[in-house]
Structure formats: C-alpha cells, structure tokens
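Student: I'd like to learn how to read covalent links and charged pairs in a model. Can you walk me through one?

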Amino acid sequence: MVHHQRLHQWRKGEAHIFGDEEHGFVVFDFASFGHKRKKPRLFYLLLISLLSCSLVLLVPGLFGSSSLSLLYSFGVDSEVARENYDANAPPCSSMSNGTICCDRSGVRTDVCIMKGDVRTHSPSSSVFLYSSKQTSGLVDLFSSFLGVAEDGHDEELQHEKIRPYTRKWESTTMATIDELDLVVKKDIAVARHRCDVWHDVPAVFFSTGGYTGNVYHEFNDGILPLYITSQHFKKEVVFVILEYHDWWITKYGQILSHLTNYPPIDYSGDKRTHCFPEAIVGLKIHDELTVDPSLVKGKKSVVDFRNLLDRAYWPRINGLIQDEEREMQLKLSQPPSGSAQEQSMKINKQDQKPRLKKPKLVIFSRSGSRALLNEDCLVKMAEEMGFKVEVLRPDKTTELAKIYRVLNSSEVMIGVHGAAMTHFLFMKPGSVFIQVVPLGTDWAAETYYGEPARKLGLKYIGYEILPTESSLYSEYDKADPVLTNPKSVTEKGWEYTKKIYLDGQNVSLDMRRFRKRLLKAYDYSFMKINWHSNSLLKFD
C-alpha cells in the first residue's frame, strides 16, 4: 500500500531537500538560498544519498514509514499522483500545516496563506509560523551530516515578503505600503515562544494605507476585496490591519460588524503576540467594484455584497426614522391654529384619493472640478418632468448610512464622473444610474462605474458630453486636440489626464440633448413603481 505524505521541505546552509509524494518527486537543491556558505558538502551529500538507498533496501526498519514512502514515490506513486492531480484547482487550495503558500500570479495582488502555529511579531514587522512536525530518521541523518546547529535557535525553513494591498502593479503606491516578513521556523523549543492572545479562528491581514481616503479606493481596493476574502468564514475571522486608522474603523464599522464577530487588531499599535491557527495575508480582488461568483466560495456575487450593505445600514436607518417620527409627534402634539386645521383636513382628503407615485431622482452634486454648472436648470427640468428631486451634497463627515438611505429609496441617480459615483453600490438592482461623462474620461467612466453598475443589475446610461458642454471649450482653440481628440491627449500619460480633464474641467449640460436620456429614465421608473395601478392601463 502506497502512503501519500505531506510536502516536506528542509533547508540548512546550502542544501534544500523537497519531497512531495502526491506529485511523485523528490528534489535536492544545493543553492545557497541567501544563507552564508559554511563549507562544501557535495561529496557528503552524494555519499549519504548512496548509503540511504542501500540502507532502505537492506535495512528498511531503520527508517520511518514516511521516509520509505518518500523515496518509493519516485516510481510506484507517480501514476497515482498524476491521476489525482487537478490542474484547475486554485493556487494554495491544498496545503498542510506548518507551511506557507503564496499566490503571486495576479496582476493586482499577492495573497499568502499560513497554516499552523501562526504568531505576530509587530516590532520586527513579521508573522512567524512555527513548524513542529516530527522528522523521520532519514531527515535526522541528513541533518547530522549537514551540521544543523543544536544551539537552541529556531531554524528558518521558509521566508516570504508581502505588501498586503491590492494595487500591486503601481510600484510607487506599493512602496508606501508596510511590508511584512512571513517566516516559517522549525520549532525546537515550543515552550519558550510567548503567546499573549490566543485566537481559535483564522486571521486576515491587510493594509488600509495607499489611496485610503478616496471612497472609490476604499471600496474597490479594500472593502470589496475584504468581503471576497473573508465572507466564507461566516464572521469567524479576525482582521489584522496594517496602517490602522481610527476614522476608517468608525466609517466602515457597520460593514465590518457583518464580516467579523471580533474587534480588529492594530498590527503596529498592538505589541502583543497574537496567535492564530491560520492566516491569510493580503486580499483577493476580482475586477473594478465587483464580485465574480465563479471565483468566490459559495458563488457569491456583487448583489450579495449589496445585500450585506443593506443589513449593515438598516439598523442605523431605522434609528434615524424613529428620531424623525418622535420629532413629528412633538409637532403634532402642539395645538394647531385654525388655518392649520383646515390645511390638515385638505391633506387628509387628498390622501384618500388614489395617487400615482413620483419616481425619486437623486442628483449627486460636486464642488470644485467637474462641477455641474447648471445644476439648478437640471433640477427644474426634472421636477417639471414629474420627478421628486433630491440634491445630495455629502462631505467627508457624512455618515454612509445616511447616503445609503437616500440612494436606496431612489429610482434614478445622476452624477458627473468621479469617486462619488462609487455610491451606485447603494442603489437597488433595477434602478437607473446616469453618469455624466466629461471629455477625456470615457474609458474610466465605463471601466470603473459603467460596467460594474450593469453587473449589479442597474440600468446604466452614460451621457458623454460634447465639447460645447465642457468649460474647456472656452479655454482652447476649437481645433485643439484637447477638444477634438481627447484620446490623443490622455495617451500622453496620467498627468495630462488629471491636469486637463479631471482637475481643469466643469460641465454645463445641453438641456435639450440631456432631456432625451432623462425622459427615458423617467418613463422606465414611473412604470416600474406604478405598474400595479389600474390607471396605467392606458400605457398598454
């Protein structure tokens, strides 16, 4: 009977010995692997190899079953390994305790998984994994010849470095992210390793550095990847955060509470040694502001993520509603004047009549660059069309729950391209999202918001402005490529895009042209919210 053994890796000085019975190979690697040379041992290794093969045949009892299986796997086990090998299995899907597996194949992020006795050591920016696996007689024999020290220090078996942030391709940004050393050590003195806080659930390590502070990046680079990486733990997971910010915890605390049952750990600020049975270092990310069900455990989608937002924000929204109702009761408890009583009677009579609902339109207002200069005209036109209009002007201190409440109850959202368009995630699937696209931003508008909005199930309308609707029209010659061929300008580099089209442009909508898109959104939304009314039979 062939025994499958876990992957073993031993390293000391110049020699590395790898064995993997599952895939039927044993590799001897004599590279220095970053360690200082002591003295040549090639002759001894060759001699040991010959002696080992002879001893296995002549005196099999000298070696443990694992060692015999390891050598035997060269031949008999290879066919079995090939039959069991799954070429489509995701990286690191199968690994044993005491090992680190890093998936560095992605363009956006690196993710490392550590299993076993995982311990934090923030003073050295390290996470240690102590491997106390029992070695066989064969391994001990090799170790004695290779000069493994018996000085009580843990032997380093594996060393990985990682910056746990999801913009891997941006070298300048990644250079600002704290780097972690992930180290596997052979534990020869378990008792002396202190553990201040023991957790019986896994940990997820990630950074809230980089572009944190911009709502698009906070969701795209952080919150959504955190959901993708941790949702399958069903809240039984601890978040360990590098470059920890109290304001970020406050801002996203309602979401975090639906991803974990435990308070987050400030990796740099908490000097205690935290111990975990498993750790994921780095976050998985799919595409812009979305979740790919084919890549997520449980086949979760971006709609499931939005449902989580719904659960996260409704307790706070209910609290706001109750506060408003109490204020209304206080006003009603005051004796009304005669004119007020008459007005109340009129309102009650009107309420008794069946009325059609007005679609709610939310306009996301911008100040500074890419502002909508004729916003008032848009509001007037939308109200005349039949919309109930609300202009949203949030700032950095506005609660996300309040923004969610407004957008969750709306049928249509309009906004000029920018980070605030990330809030389309707060809209119900089936709602309409109209993005005003300034000159030179068409690719970004479609990639970052248009396509993700469709994946959420929104009805997306991209309104690409004409040169005459841009403030740049009065600043450049009418034949200038800035107006006639924005793509040729943006291809020169990000600095041109940012200076000219993002920071130096405002919008004045051509109301006659824009009205066509808005009317389309109105007709769809009106029918959607009033489909059950008998008075709509005339639309059939």
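Predicted model: local features only at pLDDT ≥ 70, side-chain atom pairs only at ≥ 80, totals over all residues.

Student: How far apart are the sulfur atoms of Cys92 and Cys101?

Tutor: The S to S distance is 2.0 Å. For burial, under 20% relative accessible area counts as buried. Cys92 has 15%, so it is buried, whereas Cys101 is partly exposed at 22%.

Student: How many disulfides does a search of the whole structure find?

Tutor: It finds three. Another one joins Cys102 and Cys112, with the sulfur atoms 2.0 Å apart. The two cysteines are 10 residues apart, Cys102 in strand 4 and Cys112 in strand 5, and the pair links distant parts of the chain.

Student: Is the link of Cys102 and Cys112 left-handed or right-handed?

Tutor: Right-handed, with 110° about the S-S bond. As for accessibility, Cys112 is buried at 0%, while Cys102 is partly exposed at 21%.

Student: Which cysteine forms a disulfide with Cys195?

Tutor: That's Cys275, and here the sulfur atoms are 2.2 Å apart. Cys275 is buried at 0%, and Cys195 is partly exposed at 30%.

Student: What is the pairing if I number the bonded cysteines in sequence order?

Tutor: You get 1-2, 3-4, 5-6.

Student: On to charges, then. What can side chains of opposite charge do when their charged atoms come close?

Tutor: They can pair. By the rule used here, the count comes to 25 salt bridges. One of them is between Glu288 and Arg108, at 2.9 Å from N to O. This pair links distant parts of the chain, 180 residues apart: Glu288 is in the loop between strand 13 and helix 8, and Arg108 is in the loop between strand 4 and strand 5.

Student: Are Glu288 and Arg108 buried or exposed?

Tutor: Both Glu288 and Arg108 are buried. Now try Lys168 and Asp110, whose closest N and O atoms are 2.7 Å apart in a salt bridge. They are 58 residues apart, with Lys168 in the loop between strand 7 and helix 5 and Asp110 in the loop between strand 4 and strand 5. Lys168 is partly exposed at 28%, but Asp110 is buried at 14%.

Student: Which residues are linked with Asp110 and Lys168 in a network of salt bridges?

Tutor: Arg104 and Glu160.

Student: What about a salt bridge with an exposed partner?

Tutor: Look at Arg393 and Glu375, which meet at 2.9 Å, N to O. Arg393 lies in the loop between strand 15 and helix 11, Glu375 in helix 10, 18 residues apart. Arg393 counts as exposed at 58%, and Glu375 as buried at 8%.

Student: Last one: why does Lys360 count as buried?

Tutor: Because its relative accessible area is 11%, and the cut-off is under 20%. Lys360 belongs to strand 14, and a 2.8 Å polar contact joins its side chain to that of Ser409. Beyond its sequence neighbours within four places, the contacts of Lys360 include Phe387, Glu390, Val406 and Val412.

How values were computed. Residues numbered from 1 in each chain as written. Heavy atoms only, no water. Helix = DSSP H or I, 4+ residues; strand = E, 2+ residues; numbered from the N terminus. Buried < 20%, exposed > 50% of the residue type's maximum accessible area, 1.4 Å probe, protein only. Polar contact = N/O pair within 3.5 Å; in protein donor to acceptor, adjacent residues only side chain to side chain. Contact = heavy atoms within 4.5 Å. Salt bridge = Lys/Arg side-chain N within 4 Å of Asp/Glu carboxyl O. Disulfide = S-S within 2.5 Å.
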